[in-house]
Amino acid sequence: MIRIEDIIEKVENNRPNADVDLIRRAYFFSAMHHRGQKRASGEPYLVHPLEVANILADMRLDEVSVSTGLLHDVVEDTLVELDMLRSYFGDEIARLVDGLTKIAHISNLSKEKQQAENVRKMVLAMITDVRVVLIKLADRLHNMRTMQFLKPEKRARISQETLDIYAPIAHRLGMGKFRSELEDLSFQNIYPQEYKRLAKEVEARRPELEAILGKIKETIKTRLEENDVPFVEIQSRVKRLYSLWRKLKKQKISIGQVYDLIAVRIITPNDKKLPYVALSVIHDIWTPIPERFKDWIAIPRDNLYQSLHTSVIGEGGQPFEVQIRTEEMHHIAEEGVAAHWKYKESKLGKKDDDENLDELRKTVEKLLLPLVENTNPNEDSEDFIESLKLDLYPKDVYAFTPMGKVIQLPRGATPIDFAYAIHSEVGDTCTGAKIGGRIVPLRTELQNGDVVEILTTANSKPSRDWLNHVVTAKARNRIRHWIAEQQRAESIELGRKLLEKESDKFRISPKKLLNNEDELKRIANEYGLSRGEDLLASIGYGKTLPRNVLGKFLGAEKFAELDPEKKKETTLQSGFKAVKRLIGLGEDAIIVKGVDNLLTTRARCCNPLRGEPIIGYISLGKGIVVHNKNCKNVSSLMVNRDRIVDVEWAKSEKEEIQSVRLLATTENRTGMLAGITNAIAEIKTGIRDARANVSKDDIGLIEVTVEVFDKKHLDKVVSSIEQVPGVIDVERVNS
């Protein structure tokens, strides 16, 4: 276990004027209140805050940050309250700890929503004080390093959150080392079989690859010296496993087709001209690969990253990547904003901590503000997280208005994103676009340097189809808001008509209820709604039955009198409650919460398997359509959350057989189909169909339809296919 004096020594070396007594007091306070607590590994809990503080000391952060690292869990995991912490350590540390403390358990929120609320709290807090996110990243990094002692399900859940939120935030802040480690650790926990398979393949190639890298480094060193190009260091690396896996999945290629499987990095002294001089030497030695050159020095990434990237063909046709940057650029690429702060400090001379923190705050606010400026703090927590994920992707496309204004957007952005980036009203009234003077479809992906002209019409409105062609949170939120408002208005009108129709059946004047706002509000409140309009909308969506509303209006006795053929229903006596109703038969049963008398069907687009996370959507005429939560269509359904219902798999001892289609991308060689079908047969799984084709790129495409019981069974089948030599990728194919 690391010693507190080791941490203090680092802080004193980095910051000679630091108040180390504050760190010692924080250590003793943390040790006292965490006393007796153990981690899942069996170690004293104090190990964790010490390691977090050590990571922060390595980042050269101030004594307040290091002290907060020691104290970050005391409010959440001990009896210490925030006011007590404030009285001991002051407002600054109390504010930082509060930003890092999870919200108290709220019983009526699902685990997913509580998780989303915690992330939202942290994101909003880090805009106020940037140290919140740096401490949280250090906390998450140490937790990820010690995940092996947790249950697999919990490891996978925490790792997925890390991959979705924390690794992208580290990337946004330019913290390359943090991002890389977080991604690889997450990959190992979420996809353990794929991680082991890829690691085994890379390790088998490593001796050969490292020998090639050794020759390349020696050649570069010799040629740079011959041309009098100074350099500080030449590094080499084999591509990280997560980054490699993602590229193989996305491009459906074999490991031998990856251009940057191996790479070298040339670090020059701090002169911006030197990387370009070194680049010319590299291109003199080896043939560059067209369209693989990127100049991030002339146009830095929005996370401060600067470097030259080029890919070349080496001896024997081996492609590799070369990165060239100055020493300062390298530190910023590895350490992000912390290194940026360090260089500001060294360039501007001695400054007090408040000024240094101001420099860091301005830098980080520039990077992080887009994450919250297009979101509403009062919106649904899950919508907030979705918007956050969208805006965490790197912004690499630079397009121009006809007047020459630069619009910076994520990769994959379309003219619709461009229109909303200019102004919300421009997006709402967009009817078309021109790129380079030529009319193009609104779904066209923008490229660097495009000059985009947006065509508008005053009475034009957004289209639901646009949701399939936007990548920015601002565009998506605006479109979803407009569609939800439109659907709500339609549903209120439909609810009114349905209630009128039901009233006629009971020979009641609809006006008695519809014109009585107080009575409508009273009934709405019984359903957990605030206004009469909300009740009418709920009827229109199909979430509330109009006859049940009449039952609450008339009372049980009057309702039974006017409806003698119907038995008194329990729901009329008990009022509205969130209930679980079993819909379906036997092993196909799905539990639905809070909705009466609606049948369920599985969505054909994703055909959810028992054991997969699912979500229900009320569809008129079809009852509740159940989707896999990861289905590509779920995001568009979320436009109207009033139609979303909670569903879950009912417990069943019987096994339900379900057909699933799998597509294996393979090398084109004899025996691949036989190898795959044999692998499936060996784990005693039925095969309904199997067929093989070859793509234009000479890649094998083998589709098999297998019989599985649940998600665990499917995972076992996929893992078995992946073990077959020559298989590049396996994916599930939905209708």
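View 1. Buried residues (under 20% relative accessible area, with a 1.4 Å probe and protein chains only) make up 51% of the 735 residues. The chain holds 30 helices and 22 strands, taken as DSSP runs of H or I with at least four residues for helices and of E with at least two for strands, numbered from the N terminus. This is a predicted model, in which local features need pLDDT of at least 70 and side-chain atom pairs count only at pLDDT 80 or more, while totals for chains, interfaces and linings use all residues. Residues are numbered from 1 along each chain as its sequence is written, and side-chain values use heavy atoms, with hydrogens and water left out.

**View 2. Helix α12 and its cover.** In helix α12 (residues 241-251), the buried residues are L241, Y242, S243, L244, W245, K247 and L248. Their cover includes α9 (152-172), α10 (176-190) and α11 (192-226). Just after α12, K252 takes a positive phi of about 50°.

**View 3. An open antiparallel sheet.** Four strands form an open sheet in the order β20-β21-β19-β22, with antiparallel pairing, where two strands pair if DSSP finds at least two bridges between them. Because β20 (687-694) and β22 (727-733) stand at the edges with a single partner strand each, one side of each is left without a neighbour in the sheet.

**View 4. The pairing of β20 with β21.** Strand β20 pairs with β21 (residues 699-708) in the antiparallel sense over 7 bridges, and V694 stands opposite G700 in β21.

Conventions. Buried < 20%, exposed > 50% of the residue type's maximum accessible area, 1.4 Å probe, protein only. Contact = heavy atoms within 4.5 Å.
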